[in-house]
Amino acid sequence: PQTVYLSDYKPFGWHIADVHLTVRLDPTATRVRSRIRFEPTPGAEHPEFFLHGEDLRLISASIDGAPVTPELTAEGLRCAVPEGAFTWEAEVEIAPAENFALEGLYMSNGMYCTQCEAEGFRKISYYPDRPDVMATFTVRIEGDERVKLSNGNPVASGEGWAEWHDPWPKPAYLFALVAGDLVNHPGSFTTASGKEVELNIWVRPGDEGKCAWGMESLIASMKWDEEVYGREYDLDIFNIVAVDDFNMGAMENKGLNIFNSSCVLASPETSTDANFERIEAIIAHEYFHNWTGNRITCRDWFQLCLKEGLTVYRDSQFTSDMRSAEVKRIGDVIDLRARQFPEDQGPLSHPVRPESFQEINNFYTATVYEKGAEVIGMLKRLVGDEAYAKALDLYFDRHDGQACTIEDWLQVFEDATGRDLAQFKRWYSQSGTPHLKVSETFEDGIYTLTFTQETPPTPGQPDKLPQVLPIAVGLLNPNGDEVVPTTVLEMTEATQSFAFEGLSAKPVPSILRGFSAPVVLDRETSADEKRFLLAHDTDAFNRWEASRDLGRECLVDMIIQGSEPDLAWIDALGEVVRDDALDPAFRAMMLALPTQAELAQLLHSRDITPDPDAIHAASEALRDAMAQRWASVLPEIADKMWVDAPFDPGAEQAGKRSLGGAILALRTRLDGGAAAQTQFDAADNMTLQLGALSCLIRAGAEDKALAAFRKQWSGDRLVMDKWFALQVAATEPANAAARAEALTKLPDFDWKNPNRFRAVFGSLAMNHAGFHRADGSGYRLLADWLIKLDEKNPQTTARMCSVFQTWKRYDAGRQALMKEQLERIAARPGLSRDVTEMVTRLLS
Ligand code: B3K
Ligand code: ZN
C-alpha cells in the first residue's frame, strides 16, 4: 500500500461552485448522476484533473455536454479538461446491498444509508474526495421508500422522489443519504435568535419508544452550545437516524447525523445508566461537530485532531455540566489510561497529528481523540478560561467556512493571548507519554519541588524534546488544612524547580491535581502520605488517585511477593465508601480497582514480566478481602442506595445505582449470588438486571439467569448484544475463549454486524487473563475471526487488531503465540489495506 505524507499536501486547483446529485435507489443497481461546476482556483497550479472513485461502474461522463472517455484507475479517473471553468457530468452504478464494508452507500435491515468519513464518498460518485474541497450540494433521491433524507433543508418532494439542498459548503465526507420505511420521534428547538428548528430522530418501526432520551439530549446540547460557546444551529431541520449496522458510534453529517442504534436508542428497561450517559455524550459530540468540524473543517486528514480533539473536549465539558465534573474527570482518566496510554507506549504510537498513513481510518484513535482533547484542556489551563473563550470566538470568526490546520488553531491562541506556542506545539508532533519525576526539599520555610520530564522513544521518534506541562499543585499542612490552593506550575524545561515560601512546616504536596497533564507521574511516596491525601485532599481527582495508587501497590505486592492484602488501605477506603456526605458516583469510582491490563502495563514499566494468571488471582483475592472486611456494612450501604422513585437516567439516581452495583458485586463474594438473584428477579430496569447478571456470572451461578434473559430479550438486538458480551467478559478466564467460540455457533451470532462481532470479541480481549491464556486459544480464535471479517469489513477488523498492541509486554511464550497469529494474518492473500497497515505496524 502507498503511504501518504503530511508534507506532500497540495491544494486541489479547482473550486466547486455547486454539486447536483441524483440518486436512483436500487439494492444492486443504484444509479448516481452528478453535475459539478469546476472553476480553476486563480493562481493555483493545475496539474492533471483527477477524481477519486472506487468500486464504481462508470456509465457515462461528459464535460460541458460533450461525452468524454476518462482514463480509469483503481483509485479514480483522470481526464483532460478545459483551461477555464467547466461542468462535469457523470453517471455511475453501485450495489449497496453488496456493500458489507459499511462505507459509502450500503443497506442495513432494508434501509439505505451512507458513511463517507473519511474516504467513503468516492464509493458513491467520482469526486475530489478530500476535506479541503468544500461545496454546496443539491440532492435528488428517487425510490419507493417512504422516507428519503439528505443534508440541509428539504426543498421539494413528490411521488417517489425528494429533493434536499444544503446551503453550507461542505466537504464530501459530510455527505449523507438515508432512505427507508422509517418512523420519526419529533421535537423542536427555538434558537437564541428565535429561529424554529424541526428535530427528528428516525428509527425502524418498533423503536419509537426508545427515542425520548436522545431527543432530550439533543435539545440540551443545542442549548449548551449557545450558552457556553455562543454557537447556534444553522439549518431549518436537524435529523438523526438510527442504524443497526455501523462501524463506529455515530457520524456528524451536516444536518443528518447517522448513529449506531446502540448510541441513540434508550429505554430504562433495555439500557443501562452507562448507556444513557454515553448516548447523551455522543449526541452532544456529533451535534457540537456542526461548528467544530462542519462549519470549520480540516484541510487534510492529518489535521483530524483539529475537529476531534476539540469536539471531544467540548463534549466532556458538556457532560461535566450535566453531571458531576469530578466524576467525569476520573472516568476520562481511567479511559485515557486504559486506551490511550497503551497505544502511546507500544508499536502503534503516533503523534496527535500523525505525519503519514496508509489508511486514514486506522488513525481514528484514542491518541487523536482523547489525547487530542487533553491537549486542548492543557491549553485552556495555561491561558485561563477567559483567554480560552476569546480565542475560540476568534477561531469561529476567522475560520468559519474554511478547511483549517493545527497551525491556524494555535495562531488564534497566539493572537488572542500574545503567547508564543512554538514549544506547546510539540504536543501535536511528539508521540509517547511523558514521564514526570518529582523530588522535594524543605529549608527555612521554603518548600521546593523539582520536576524532571522524559518521554521514552516511540516508533520513528528516538529523541524527545521537553514539552510544556501545566502541573496543578496544592499544598496541605500536616494537620490536613490546605495552605496553598491549586496553582498551575508551567514546566517548560527538562528539569525545573518551583519554590513555595513562607511555610511553617513541611507540607504534603498534592501534585497533578485534576490530572492537569496526560503524563505518567513517577513519585516515590510513602503509603502514609497517600493515606493522608486519601483522607484530606481537597482535589477529588487526587483523592481518588491516592487510593488508586494504594490499591495498585497493594496488588503489585500481592502479585510479585504473594503479600497479604493491605488492610490499612482497605479500612481507609471503607471510610470513604461509607461517607454519606460524598456523592455515591464518586464512592463507586473509589471502589473500582485498577484493571488487570493496567496492572500488566505497570509491571512491564517496572521491568517485571506480567503474568496474567497471577494478576487475575491477586485481583480476585483483593476483592474477596474487601468483601470480608466490610461484610457487616455492605447490606446497609446497599439499602441506602436503593432507589424508590420512578427511573431517571440523571446523575443522581445513576450514581446510587452505580455504588449499589459495586456493593452487590462484593456481597456476591460472600453469599454466592443470593442477593444478586433476588435483584435479577425483581429488576425493572436494565442497570439492575445486567448488574445482577454480571454478579451471577462471576459467581458461576448464571445458567438460569442467562436463559431467562435470553428468553426475555431475544427480540431486542441491542439487549442481546449485552447478553453476548457479558458472558465472555465476566466469565472465568479459563472458559472465556471456549465460551466466545460457543457463542459464534449460535444462529443469532450475526458476525457481519459490527456490534455483535465486537460484543463477543471485544469482550474476549477485555477478559485479560482469558484472552491471554497460556495455551494461545484466545489469540487463535480471535485471529481466525479477524481473517474472516476482513473479507467483508476491513475497517472494523483493523480496529480490533489493536488488541494485540501490548503483545511485546508478555513472556516469551505468549509473545511467540501472538506473533504467530499476527504473522498468520499478515500472510493472508488479499488482506485489506487497513489490516495490512495495522499488522505491519504491530509487528515492527
Ligand atoms: N467523525 C466520526 C468518525 C468517523 C470515523 C471514520 N472511520 C464520528 C465522530 O468522531 O464524531
Ligand atoms: Zn467526532
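Modeller: What follows goes through the helix contacts pair by pair and then turns to other parts of the chain.

The model is predicted, so to speak of a local feature requires pLDDT of at least 70, and side-chain atom pairs count only at pLDDT 80 or more, while totals for chains, interfaces and linings use all residues. Residues are numbered from 1 along each chain as its sequence is written, and chains are lettered from A and ligands numbered from 1 in the order in which they are written.

For residues 528–843, UniProt lists "domain: Peptidase M1 alanyl aminopeptidase C-terminal" in an unreviewed entry. UniProt positions are in the numbering used here, feature names are shortened, and annotations may be inferred rather than shown by experiment. This span is 73% helix and 0% strand, with its end C-alpha atoms 43 Å apart. Helices (H or I, at least four residues) and strands (E, at least two) are DSSP runs, numbered from the N terminus.

Start with helix α9 (residues 527–536), whose axis comes within 10 Å of that of α11 and crosses it at roughly 5°. That makes α9 roughly parallel to α11. Axes are lines fitted to C-alpha atoms, for helices over the stretch in contact, and angles run from 0 to 180 degrees between N-to-C directions. Angles under 35 degrees count as roughly parallel, over 145 as roughly antiparallel, 65 to 115 as roughly perpendicular, and the rest as oblique. R531, L534 and A535 of α9 meet A568, A572 and V576 of α11; residues are in contact if their C-beta atoms, placed from the backbone, lie within 7 Å. By class this contact has five nonpolar residues, no polar and one charged. Ala, Val, Leu, Ile, Met, Phe, Trp, Tyr, Cys and Pro count as nonpolar, Asp, Glu, Lys and Arg as charged, and the others, Gly among them, as polar.

Helix α11 (residues 567–578) also packs against helix α14 (residues 612–629), the axes coming within 10 Å and crossing at roughly 55°. The two helices are therefore oblique to each other, and α11 passes α14 in a right-handed crossing. A crossing is left-handed if the near helix is turned anticlockwise from the far one by less than a right angle, and right-handed if clockwise. L567, I570 and G574 of α11 make the contact with A625, M626 and R629 of α14. Four of these residues are nonpolar, one is polar and one is charged.

A further pair is helix α17 (residues 674–682) with helix α18 (residues 686–698), whose axes come within 8 Å and cross at roughly 150°. α17 and α18 are therefore roughly antiparallel to each other, and the crossing of α17 past α18 is left-handed. From α17 the contact takes A676, Q677, Q679 and F680, and from α18 it takes L688, Q689, A692, L693, C695 and L696. This contact has seven nonpolar, three polar and no charged residues.

Now the other annotated spans. An unreviewed UniProt entry gives "domain: Peptidase M1 alanyl aminopeptidase Ig-like fold" for residues 432–523. That span is 0% helix and 53% strand, and its end C-alpha atoms lie 19 Å apart. D444 lies in the loop between β25 (435–443) and β26 (446–454); its phi is near 50°, a positive value in a residue other than glycine. UniProt, again in an unreviewed entry, places "domain: Peptidase M1 membrane alanine aminopeptidase" at residues 213–427. Over residues 213–427 the chain is 55% helix and 9% strand, with the end C-alpha atoms 37 Å apart.

Conventions. Two residues are in contact if their C-beta atoms, placed from the backbone, lie within 7 Å.
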